[in-house]
Amino acid sequence: MTDQQPERARRLVAAAKDLLDDQLTRLDQPIVDRLRRARREAVEAGPKPPRRLWAAGLAAACVGFLAVSLWIWQPAATQPIPDPEDLEILASAEDLDLYEDLDFYSWLADADVRT
Amino acid sequence: MERFLGDVERRAFRFARIATDNDDDALDLVQEAMMTLAQRYANRSEGEWPPLFHRILQNRIRDWYRRKTVRDKWRHWFGRGTDGADDESVLQGVQSSEPALDEAAARRHAGKALERALHDLPLRQQQAFLLRAWEELDVAETARAMGCSEGSVKTHYARAVQTLRRVLGEHWP
């Protein structure tokens, strides 16, 4: 059994190879023509020119230089120092309407004083 | 380059034809493989072209197979069946004992049955069988062409032979 199996496998492989080779000679002419055309197109296309890596490198260097320049030359950060009064307002739980109409209440206070 | 491509183009077509079961798809795959080899590897030594070409072609076939699998799933969901699915027996004509069949006709039938049986193999088994048995690459070369380990090649090849023997019948050829 173990001797027969490799022998059968060998016979199958040999027969398959024979049939596949045989089929190569019987390809339809339109297929042969298209294969020839494809081959010629591939050969005529030839090797692609080498990629212009130096151009990509130069572009990357320019972008990097620009980024570093902007980072170095940007004006000093001017974060406004929070006014303690604002903090107090924000921290309070009072109705913010009062602060939104602050001008009105200032005017009202002045008016009270004058009357 | 032209001579090399001329030498391999028919075999390459048969490889792709067995995998795709479609002339146009097979021609497209071979053309893409030729173009890739010519554009990227024309400057390599001629000795490197065969393994490179096989690798490119097998990758193209594998990509095609993946796309087809996805397409078939969609078709299945929409109830339209799969491409080229049929129940034609691979043994049709092979085990026929009709005396009217002359030798040439018998070979044609056997060839068709073999092609169908190869097409029905899982892709990796199909590739391993064709590269080892037909292209006569050794295990290492086949592994490089398929992009897998030598152990996988041996497994795929053994399973392919086993399946072909079972499907084609004990009396084939």
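Which residues touch the most other members of the largest nonpolar core?

1. In this predicted model, the largest nonpolar core holds 47 residues, and those touching the most other members are B:Ala16, B:Val30, B:Ala33, B:Leu57 and B:Phe129. In soluble globular proteins, nonpolar side chains tend to be buried together.

2. B:Ala16 deserves a separate look. Once its neighbours within four places in sequence are set aside, B:Ala16 is in contact with B:Ala26, B:Leu29, B:Val30, B:Leu57 and B:Ile61, and of these partners B:Val30 and B:Leu57 are also named among the residues that touch the most other core members.

3. Within chain B, the axes of helix 2 and helix 3 come within 9 Å and cross at roughly 135°, and these two helices are therefore oblique to each other; their crossing is right-handed. From helix 2 of chain B the residues B:Asp25, B:Leu29, B:Glu32, B:Ala33, B:Thr36, B:Leu37 and B:Tyr41 take part, and they meet B:Trp49, B:Leu52, B:Phe53, B:Ile56, B:Leu57, B:Arg60, B:Ile61 and B:Trp64 of helix 3 of chain B. Sorted by class, this contact has 11 nonpolar, one polar and three charged residues.

4. Helix 3 of chain B, which spans residues 49-77, also contains B:Gln58. This residue counts as buried because it has 25 C-beta neighbours inside 10 Å, where 20 or more are required. Apart from residues up to four places away in sequence, B:Gln58 touches B:Gln127, B:Ala145 and B:Met146. B:Gln58 and B:Ala12 are 46 residues apart in sequence, while their C-alpha atoms are 9.6 Å apart in space.

5. Between the chains, 30 residues of chain B are in contact with 24 residues of chain A. On the side of chain B that touches chain A, helix 1, helix 2, helix 4, helix 5 and helix 7 of chain B each supply at least two residues, and helix 2 of chain B gives the most, with nine residues. By class, that side of chain B has 16 nonpolar, five polar and nine charged residues.

Key: Residues numbered from 1 in each chain as written. Chains lettered and ligands numbered in written order. Predicted model: local features only at pLDDT ≥ 70, side-chain atom pairs only at ≥ 80, totals over all residues. Core = buried A, V, L, I, M, F, W, Y, C linked by C-beta atoms within 7 Å. Buried ≥ 20, exposed ≤ 12 C-beta atoms within 10 Å, placed from the backbone. Contact = placed C-beta atoms within 7 Å. Helix = DSSP H or I, 4+ residues; strand = E, 2+ residues; numbered from the N terminus. Nonpolar A, V, L, I, M, F, W, Y, C, P; charged D, E, K, R; others polar. Axes fitted to C-alpha atoms, helices over the stretch in contact; angles between N-to-C directions. Parallel < 35°, antiparallel > 145°, perpendicular 65-115°, else oblique. Left-handed = near helix turned anticlockwise from the far one by under 90°.
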